[in-house]
Structure formats: structure tokens, C-alpha cells
Amino acid sequence: MSIKDRIVSEGMKFASSPQVAKLMQDERFMKLVMTAMSMPGRVSTFTTEQKEAFAKSMGLATSDEVRDLRRVVSSLEQSVSRLRAKLEKDASKDASKDAS
């Protein structure tokens with residue numbers, strides 16, 4: 001029996017006990033469980049908001065802003081490369097026409 005199977009089995013035994021069933025019917029307990037389950041998301045959101053506020057107040061760029069800026073710069077570099085290649089191609093055509 002794997003660890004996962006063992007945990008699931010013990011969890012099912014625990015959930016089927018009368019004491020747990022009584023607790024699950026208590027509205028206050030369920031509200032507490034739901035609050036506890038939502039806490040990691042709340043903490044993550046709060047810390048992200050605080051990080052962004054601090055960076056803004058200090059005049060710093062966040063990692064998301066830097067990533068977006070890198071993406072834009074990369075796109076612009078590709079555009080410049082394409083335009084440069086097109087310009088060189090057009091220049092070589094003009095040179096060959098002038099030579100004729």
C-alpha cells in the first residue's frame with residue numbers, strides 16, 4: 001500500500017467518524033475551515049500588492065515590469081533585424097540595377 005493510499009484510507013476513516021460529522025455540521029467550524037483554506041491566497045495577494053506598492057514608492061521596476069519590458073525590447077530588436085535585412089535586400093537590388 002502506497003503512502004498516498006494510506007493517507008486517503010486514514011482520511012476516509014477520520015471523515016466518517018461521528019465526532020467529525022458533528023463538527024462538519026457546525027456552521028462556525030465550517031466558516032473557520034473555509035477561512036483557513038483561503039488564507040494562503042490572501043497572504044500571497046497581500047504580499048504581491050505590498051511588493052508592488054513598495055517598488056512604486058521607491059521608483060523601482062517590479063519583476064513583472066522588467067519581464068514585460070524585455071519582451072517588448074526583444075520584439076523591437078526582431079523588427080529592426082527584419083527591416084535591416086529588407087533594407088539590405090533592397091539596396092542590393094538597386095546596386096544590381098545600377099550595374100546593368
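Predicted model: local features only at pLDDT ≥ 70, side-chain atom pairs only at ≥ 80, totals over all residues.
1. The domain bounds used in this note come from an automatic or database domain assignment. On that basis the chain is divided into domain 1, residues 1-45, and domain 2, residues 60-99. The C-alpha centres of domain 1 and domain 2 lie 56 Å apart.

2. G41 belongs to helix α3, which covers residues 27-57. Its relative accessibility is 40%. Since buried means under 20% relative accessible area and exposed means over 50%, with partly exposed in between, G41 therefore counts as partly exposed.

3. A pair of positions gives a sense of distance along the chain and in space. G41 and S75 are separated by 34 residues in sequence, and their C-alpha atoms are 34 Å apart.

4. The loop between α3 and α4 contains L60. Together with F54 and M58, L60 makes a nonpolar surface patch. The area of this patch is about 340 Å².

5. Helix α4 spans residues 63-99, and K97 is found in this helix. K97 has a relative accessible area of 61% and, because exposed means over 50%, is classed as exposed.

6. With K86, K89 and K93, K97 forms a positive surface patch.

Technical notes. Residues numbered from 1 in each chain as written. Heavy atoms only, no water. Patch = residues over 30% accessible without salt bridge, like charges linked within 9 Å, V, L, I, M, F, W, Y side chains within 5 Å. Areas by Shrake-Rupley, 256 points an atom, 1.4 Å probe, with all protein chains shown as cover. Salt bridge = Lys/Arg side-chain N within 4 Å of Asp/Glu carboxyl O. Lys, Arg positive; Asp, Glu negative; His and termini not counted. Charge placed at Lys NZ, Arg CZ, Asp CG, Glu CD. Helix = DSSP H or I, 4+ residues; strand = E, 2+ residues; numbered from the N terminus. Buried < 20%, exposed > 50% of the residue type's maximum accessible area, 1.4 Å probe, protein only.
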